[in-house]
Amino acid sequence: MHVVSTAESQRAIRAAEVEAANEAEPQTAIKGKRATRAVSWAAPRIEQIKPAPLRAHLGAIRQFGRVVARSAAMHEVFEVLERFAQTDVTVTLCGETGVGKDILAHALHERSARANGPLVVFDCGAVAANLAESELLGHERGAFTGAVSAHAGAFERAHGGTLFLDEIAELPVDLQPRLLRALESRRVRRVGGRVDRRVDVRVVAATNRDLRADVAAGRFREDLFFRLAVAVVSLPPLRKRLDDLPQLVYSLLADLGQPDLRVSDAAFTALRAHAWPGNVRELKNALACGIAFVEPGAAVLEQKHLRLLTETRSDTSSLDGLPLAGQALERIERAAIRQTLAQAEGNKMYAARALGIAVSTLYEKLKKYGL
C-alpha cells in the first residue's frame, strides 16, 4: 500500500494552506439551509493545523465516517484524512475499484466545515461525452438543441459545499481545460453564457487509474494533474488489509439489514482465502448473496451459504493457469467483457465496475467488438 507519508502529508497540508490563505476571499451567507450562517472560508492559520504524529493504534478499531478498520494501513489513511478534512485543500483518492473511495469522500465532507452545505457527486465516467460540459458547468436556455431552460451545473449546485469528481480520469480531454480553469479561478461560465459565476466549493476527486501514466500517455492534462495532486491518498485493496475483515463483515451485514447474524469460523476462513479483486464492493455482494441462502430463523452464516465464492476461483488475481499464451490481446479483452456481462446479467454499470473501467469506455468497447 502507498499512503502519503507523515512528512509528505504535513508538507502537502502546509503548502496548500499557504496557497489557500493567499487566495481565500470572505464569503457571504449562503442561501437555503445555511442562510443563517455567514461563513468565511479563509484558511486557518498554519500553526493551527500543524498535525500531530500519526498514530497506528495497533489492534484498536477505528472509524472514519462509515468505514471501520483495525489495520494499521487504514488507521494511517484515517489520520491523514482527518487532517485534510479540516482544510479546503483538493483531495484526490486513489485505489482499485470497490475499495470505498466514494464512502470516504462522503466522510470527508461530513467532517469538514462545509458539512451543512451540499455534497454533489459528478461521475465523470457515467455522463455521455456530449453532455459532460453542460452537466459540470451548466447551460443557458437555447444554448443547444433541447436546452429549453437554464440549467445549473455540478459546480453551481455544490456552492457552499463539496463537489466530488468520481472517476476523474474518465473526464473527456477536451473538457479538462475548462475544469482546470474552474478549479483555479473558482468561477464557471455556463454553456452559451456570457457571465462568469463565482462558486465556493471544496473539491474531492477519485480515480482507480494511475494518473501519472495517463499524463505520460496524453490522456490526462499535466497541468490538471498537478492541480488535483495537492493531497493524494492511496487506499489499500482489501487483500492487503484482511485484518479488517471481521469489522467489515459485521458492518456490511448491518447495512444489509442483518445486524444480529453471526458468521462461522469456517465462513471467515473462506472469506480470508478469497483474492477479492472487487474489494469491499465484492465482499458486500458475496454477503448479500449468502444471506439469501440462510435458512429462516438461523442465526449463523455458514461457509456453504457463500455460493458466490464457491462459484469463482479462489485466486482470481493470477491468470497463469489459463491458456492465454499466443492469444491476441483484443481477443482476451473481448472474452473478458462478454463473460463479465453474462455474470452481471447484462447490467452494464455493474460490468464496468467489475472490469475497472468507466461505463462510457465499456460502451466504446462493446461497439468496437460488436457485442
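1. Let's start with the aromatic pairs. Rings of Phe, Tyr and Trp (its six-membered ring) pair if their centres lie within 6.5 Å, and by this rule there are three aromatic pairs. In the pair of F225 and F226, the ring centres are 5.2 Å apart and the planes meet at 65°, so the pair is edge-to-face. That label is for planes over 60 degrees apart, while planes under 30 degrees apart count as stacked and the rest as tilted.

2. A word on the model itself. This is a predicted model, in which local features need pLDDT of at least 70, side-chain atom pairs count only at pLDDT 80 or more, and totals for chains, interfaces and linings use all residues. Residues are numbered from 1 along each chain as its sequence is written, and side-chain values use heavy atoms, with hydrogens and water left out.

3. Are F225 and F226 buried or exposed? F225 is buried, with a relative accessible area of 9%, whereas F226 is exposed, at 51%. Buried means under 20% relative accessible area, exposed over 50%, and partly exposed in between (1.4 Å probe, protein chains only).

4. Next, look at L362, which sits in helix α15 (residues 359–369). Helices (H or I, at least four residues) and strands (E, at least two) are DSSP runs, numbered from the N terminus. L362 is buried, with a relative accessible area of 0%. Leaving aside neighbours within four places in sequence, L362 is in contact (heavy atoms within 4.5 Å) with I337, K348, A351, A352, L355 and I357.

5. Now for the helix that α15 packs against. Helix α13 (residues 329–343) and α15 pack at an angle of about 115°, with their axes 11 Å apart. Axes are lines fitted to C-alpha atoms, for helices over the stretch in contact, and angles run from 0 to 180 degrees between N-to-C directions. E330, E333, R334, I337 and L341 in α13 meet L362, K365, L366, K368 and Y369 in α15.

6. Finally, the largest nonpolar core has 31 residues, of which F122, L136, F155, L165, I168 and L179 touch the most other members. Such a core is a set of buried Ala, Val, Leu, Ile, Met, Phe, Trp, Tyr and Cys residues joined through side-chain atoms within 4.5 Å. Its largest share, four residues, comes from α6. A second, separate core of 25 residues includes M74, A85, V204 and A206.
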